[in-house]
Amino acid sequence: MRMNIGKFLICTASILGLVACQQQDQQQDAQPATAVVNPVPAPEPVSKPKPKVKPPVKKLDKKSSTTPALVAQPVSLRPLGRKVSHVPVKGKYVALTFDDGPHPAYSRRAINILNRYGAKGTFFMLGQNVNKYKGIVADIAAAGHEIGVHTWSHIKMNSAPMARVNKEISNTRNLIGRITGTYPRVMRPPYGATSNTLVNHMHDSYGMASILWDVDTRDWRKPGVGKVISTAVNNAKPGSIILVHDIHASTISALEGIVTGLQARGFKLVTVSELMQIAKKEAAEEAAAKAAAEEAAKAAAALQTQQPQSTEQPAAEPEQPQEPVEQPTAPALKPEDFILI
């Protein structure tokens, strides 16, 4: 009996100890835990590299390098002639002319070659191509080359109705003027087909000289690069107007040889209008020199007539000593010569 009571007391004490431990654990769990956290310094702001600002890319016309702004009121220039196929100049100047452009690729190559050698060209353009490649037209004019009218669609002017001629010429002229800022003062009739009536009409109504040529390379037949070069170079003379086309690859291949060949012969390549201006300048200088010579001759003649006449008698020439003249002597009388009376 005593043993049972002892065991009972031990078990009861153990149970009470466990309950006390559990209550203590529950009290500790009920209290919030506080953790000591060392403050972390705020990170210094990192300066990000500034992004590189790219310059704005100018959108260019897909068909040309620039998109020119059209001029509202182009400038008009006085024409320098009516119908011209050769310009009478004394200096070694020639004009290289290009028909039927502008071409989207070949015309640009042409002006690059001309610019490289300090040469100038004159481009007679079709209005329908000008309308497509306005940027090329502006670039050609900006480089100092001349632009002329070649109708809108390459019509044969001397067999077309005048209304059609006027429409083709005026539309092309006006468009070129609005692109370049200056109305053209030269035109070329396709095929060279014109008349006196058309020549006067181009001059009087549109202020343009009709420009033909005196050296035809016939490059449109594509005779070969060497043939085109030799025809242009060998047939040129002072004041020549040379015809090529900037719509053929073979012509562009020959262009450098044409330019260097002409320059090797001492020629300077100028525009058609410059060629006519040189001729007018030479003629004016020649007329001025002739007038000055005539005035000098008149002045000399007047000075001679105004000189006073001398009144003094010319000095007498000294008398020449005369040689003594022998007097004839009478013959001696003989006694028989006496006559007694």
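Mentor: A salt bridge here is a side-chain nitrogen of Lys or Arg within 4 Å of a carboxyl oxygen of Asp or Glu. The model is predicted, so local features need pLDDT of at least 70 and side-chain atom pairs pLDDT 80 or more, while totals for chains, interfaces and linings use all residues. Residues are numbered from 1 along each chain as its sequence is written, and side-chain values use heavy atoms, without hydrogens or water.

The whole structure has 7 salt bridges. One of them joins the side chains of Asp204 and Arg82, at 3.4 Å from N to O. Asp204 sits in helix α6 (residues 196-206) and Arg82 in the loop between α1 (2-30) and β1 (83-84), 122 residues apart; helices (H or I, at least four residues) and strands (E, at least two) are DSSP runs numbered from the N terminus. Asp204 is exposed at 54% relative accessible area, and Arg82 is partly exposed at 36% (buried is under 20%, exposed over 50%, partly exposed in between, with a 1.4 Å probe and protein chains only).

Lys90 and Glu286 also pair through their side chains, at 3.5 Å from N to O. The partners are 196 residues apart: Lys90 in the loop between β1 and β2 (93-101), Glu286 in helix α9 (residues 272-305). Lys90 is exposed, at 64%, and Glu286 partly exposed, at 47%.

Arg188 and Asp99 form a salt bridge with their closest N and O atoms 2.9 Å apart. Arg188 is in the loop between β5 (186-187) and α6 and Asp99 in strand β2, so this pair ties together parts 89 residues apart in sequence. Both Arg188 and Asp99 are buried.

Beyond its neighbours within four places in sequence, Ile169 is in contact (heavy atoms within 4.5 Å) with Val149, Thr151, Met157, Met187, Met202, Tyr206 and Met208.

In helix α4, the buried residues are Gly135, Ile136, Val137, Ala138, Asp139 and Ile140. These buried residues pack against α2 (106-116), β3 (121-125), α3 (127-132), β4 (146-149) and α5. On the α5 side, Lys134, Val137, Ala138 and Ala141 of α4 meet Leu175, Ile179 and Thr180. After α4 comes Gly144, with a positive phi near 95°.
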